[in-house]
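The structure I consulted comes next.

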Amino acid sequence: MKQLKMFFILTMGSVIGLQAQYTESDWEERDQWMQTEKLLNLMEIGSGNKVGDIGSHEGYLSMHLARKVLPDGRVYAVDVRSDRLETLRSNANDRGLKNIITILGDYDDPKLPEKELDAIFIIDTYHEMKAYEKILQDVRRALKPGGKVMILEKLKSWVKGKDRDVQVASHSLGPEYVRNELRQAGFEITLEITDHGDWEKEKDKQMWVVIAKKPN
C-alpha cells in the first residue's frame, strides 16, 4: 500500500510539473535566460514572415514567433511527437493564436513546404538529429533565397573538446561541428555567438548560436 501511495505521489508530481513548465510565468523566466527577444531580433523576424520551428515541443518559441509575424505571417511548428503538437495547439488556442500550422515530422524529415520560409529556428534540437546532413538539405529547400536558419545549442563543460559522438551522447554539441556542417550543406555563416549565456542558468551548460543564410 505504501508503494502504491508513493507511485501516485510521484506520478501526480510529474504531471503537475509537466503542466507547470508551460505556464506563462515559467515562460517569462525562460525569456530571460535564453534572451529570446534578442534571438528574434537577430533573425529580423517581423510582420508577414513565414517561419519554421523545428523541435517545437509544446510551443514556447512558436508562440513568440506567432505574435511577431502577425497579422499575415505564419509559423510552421514541427515535432516528431503528436502529443506535444496536441499540447501546442491547445496552448495556441488558449492564447488566441491562429497562425500556427503544426507538422508531425519524421526523424529524418521536417516536412516543411519548399521555398516558402523566411527563417527557421532549431533550438536545443540539432544534437538529437542523427540524420542532420539530410535535414540541413531539407531546411535549405524550405527556405526562400536569402532565408536564414538559426541553430542554438548548449555545450556542457565536461564534453568540451570531445568528439561529436561523445558530445551528442551527453545531449550537447559544440559550434565547430555545426559550423562545418552548415557550410557543407551550402549555407553561408553570417553570425556566430560563442557565449549566449547559461542554459537554464546552469553554469556548466554554455549556450551558443550560429546563424546561416541560404545564398540568393
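What volume does the largest pocket have? I read about 1000 Å³ for the largest pocket. A pocket is an open set of points on a 1 Å grid over the protein atoms alone, where a 1.4 Å probe fits, with protein on both sides within 12 Å along at least five of seven lines; lining residues have an atom within 4 Å of a point. The model is predicted, so local features need pLDDT of at least 70 and side-chain atom pairs pLDDT 80 or more, while totals for chains, interfaces and linings use all residues. Residues are numbered from 1 along each chain, and side-chain values use heavy atoms, without hydrogens and water.

I noted 41 lining residues for the largest pocket, with Gly55, His57, Arg84, Asp124 and Thr125 closest to its centre. Helix α2 contributes the most to this lining, six residues.

I then looked up ring pairs (Phe, Tyr or the six-membered ring of Trp, centres within 6.5 Å; planes under 30 degrees apart stacked, over 60 edge-to-face, the rest tilted). Three aromatic pairs are counted. Tyrosine 126 and tyrosine 132 form a tilted pair, at 6.0 Å and 50 degrees.

Lastly, I checked charges over rings (NZ of Lys or CZ of Arg within 6 Å of the ring centre and within 35 degrees of the ring normal). Arginine 164 lies over the face of tyrosine 132, 3.8 Å from the ring centre.

How values were computed
Points joined across faces, edges and corners; volume = space filled by probe spheres on them. Helix = DSSP H or I, 4+ residues; strand = E, 2+ residues; numbered from the N terminus.
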